[in-house]
Amino acid sequence: MGKVEIVMPKMGESVAEATIIKWLKQEGDKIDAEEAVLEIATDKVDSEIPSPEEGTLLKQLFQENDVVKVGDVIAIMEVTGAGATTDNGNADSHVEAIVPAEVQSAVAEPVVAAVPLAEAQSEASAIPRNDNGRFYSPLVRSIAKKESIGTKELAAIQGSGMNGRVTKNDVITYLENRTGTPSNAILGSAAQEAKPAFSAHIPKNIALMEGDEVIEMDRMRKLIADHMVMSKHTSPHVTSMVEVDVTNIVQWRNRIKDEFQKKEGEKITFTPIFFELIAKAIREMPGVNVSLDGHQIIKRKHINLGMATALPSGNLIVPVIRDADQLNLLGLTKAVNDLARRARDNKLNPDEIQGGTFTVTNVGTFGNVMGTPIINQPQAAILALGAIRKKPAVIETPYGDTIGIRQMMFLSMSYDHRIVDGALGGSFIKKLADLFEAFDPNKSL
């Protein structure tokens with residue numbers, strides 16, 4: 001018998017800590033290998049931490065609602081087959097818990113770290129970490145100190161987090177109602193532009209009628225709602241649309257799909273074909289691959305395509321294909337299939353929903369011919385792919401115009417009018433349409 005330390009796993013480069021939501025196993029409980037031990041939450045994901053080995057949970061080193069840094073030991077297990085325990089009783093095996101298997105994540109939103117963690121912990125000393133059974137994170141306590149929010153006033157703030165925990169956004173919303181605008185010391189100009197606006201605009205006391213059902217939003221839906229309203233609040237949206245003849249693409253894909261699957265072991269959909277052309281268009285017209293930070297335009301070097309994916313729960317997630325312009329069609333096909341499958345199975349890692357520079361959403365999946373998508377902040381543009389439909393169309397030939405049955409679809413692109421003007425937005429979507437229509441139907445694998 002030996003002892004093993006379970007540590008908080010690394011869940012992404014930008015994730016430095018997580019909150020313990022619930023212990024699923026108590027001290028003395030037997031645990032199977034890969035069985036969930038506890039639930040944690042970060043700003044981006046809710047996750048379960050599984051046991052690395054079979055054994056018994058000896059000691060919980062943190063309580064529910066405690067914030068734990070990545071790499072800290074969170075529990076000690078006694079396992080069979082581990083190294084012998086040292087004479088002083090210290091565990092001699094150090095095991096990092098497996099990265100969460102069930103990820104229930106929302107659209108990746110900008111994480112604004114207004115106050116560094118070390119500074120926040122120092123400045124928050126005036127507010128108790130736990131007060132009357134209520135937990136306050138170092139960041140919340142730091143904001144409370146800067147804004148002169150006392151313990152009693154903080155206790156009166158309604159929390160939207162797990163078990164009523166007060167979050168950064170709860171404090172910001174409270175400050176807006178109390179003083180009009182939180183101080184720049186708390187938010188900074190970038191944070192003021194990116195903060196969620198949803199919570200301040202929730203209708204109150206809507207009259208219910210007989211037969212109405214009241215359904216509480218889950219955490220993911222709340223995050224999505226925050227992100228969507230924040231985006232509309234942040235960016236003046238303009239949408240340009242163009243109808244495209246994709247007959248060549250449809251015919252080529254129909255011709256090669258069986259051979260492709262037999263040769264590569266992957267099912268090829270229209271999505272990777274479209275992504276290859278979208279990445280090419282962005283490379284030729286990089287002005288849409290930008291973000292705005294205050295009055296500074298950030299021109300992105302990498303082309304990281306976000307792929308909006310509907311989940312079985314009805315929620316939405318946007319996994320990211322990094323450096324999509326560097327991948328060939330096979331690479332894009334594998335990436336699209338892998339991310340879509342793991343998104344539906346709730347098995348994405350936090351890093352896989354971050355860092356997107358341009359998002360694509362396929363509204364045609366639901367039979368929609370076009371849409372006016374909402375920009376995925378802090379990006380500047382999002383493209384909607386409409387349904388492909390057979391339609392009569394005018395065909396230009398050397399012998400004159402004729403009418404034929406063609407495979408047609410609409411492309412709709414919403415963009416941030418602060419940094420993308422109509423000339424650029426319209427030219428980009430026209431460039432994309434030209435690439436779609438110029439696709440070579442005789443292209444070899």
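1. The crossing of H7 and H8 is right-handed, the near helix being turned clockwise from the far one by less than a right angle. This is a predicted model, in which local features need pLDDT of at least 70 and side-chain atom pairs count only at pLDDT 80 or more, while totals for chains, interfaces and linings use all residues. Residues are numbered from 1 along each chain as its sequence is written, and side-chain values use heavy atoms, without hydrogens and water.

2. The axes of H7 (residues 247-264) and H8 (residues 270-284) come within 11 Å and cross at roughly 130°, with axes fitted to C-alpha atoms over the stretch in contact and angles running from 0 to 180 degrees between N-to-C directions. The two helices are therefore oblique to each other, a class left over once angles under 35 degrees (roughly parallel), over 145 (roughly antiparallel) and 65 to 115 (roughly perpendicular) are set aside.

3. From H7, the contact (heavy atoms within 4.5 Å) draws on Ile249, Val250, Trp252 and Arg253, and from H8 on Phe270, Ile273, Phe274 and Leu277. Seven of these residues are nonpolar, none is polar and one is charged.

4. Glu243, Val369, Ala387, Arg389, Lys391, Met408, Met409 and Phe410 line the second largest cavity, whose volume is about 30 Å³. Strands E22 (389-397) and E23 (400-416) are the elements that each give two or more residues to this lining, and E23 supplies the largest share, three residues.

5. By class, the lining of the second largest cavity holds five nonpolar, no polar and three charged residues.

Terms used: Helix = DSSP H or I, 4+ residues; strand = E, 2+ residues; numbered from the N terminus. Nonpolar A, V, L, I, M, F, W, Y, C, P; charged D, E, K, R; others polar. 1 Å grid on protein atoms, 1.4 Å probe; cavity = no way out; pocket = protein on both sides within 12 Å on 5 of 7 lines; lining within 4 Å. Points joined across faces, edges and corners; volume = space filled by probe spheres on them.
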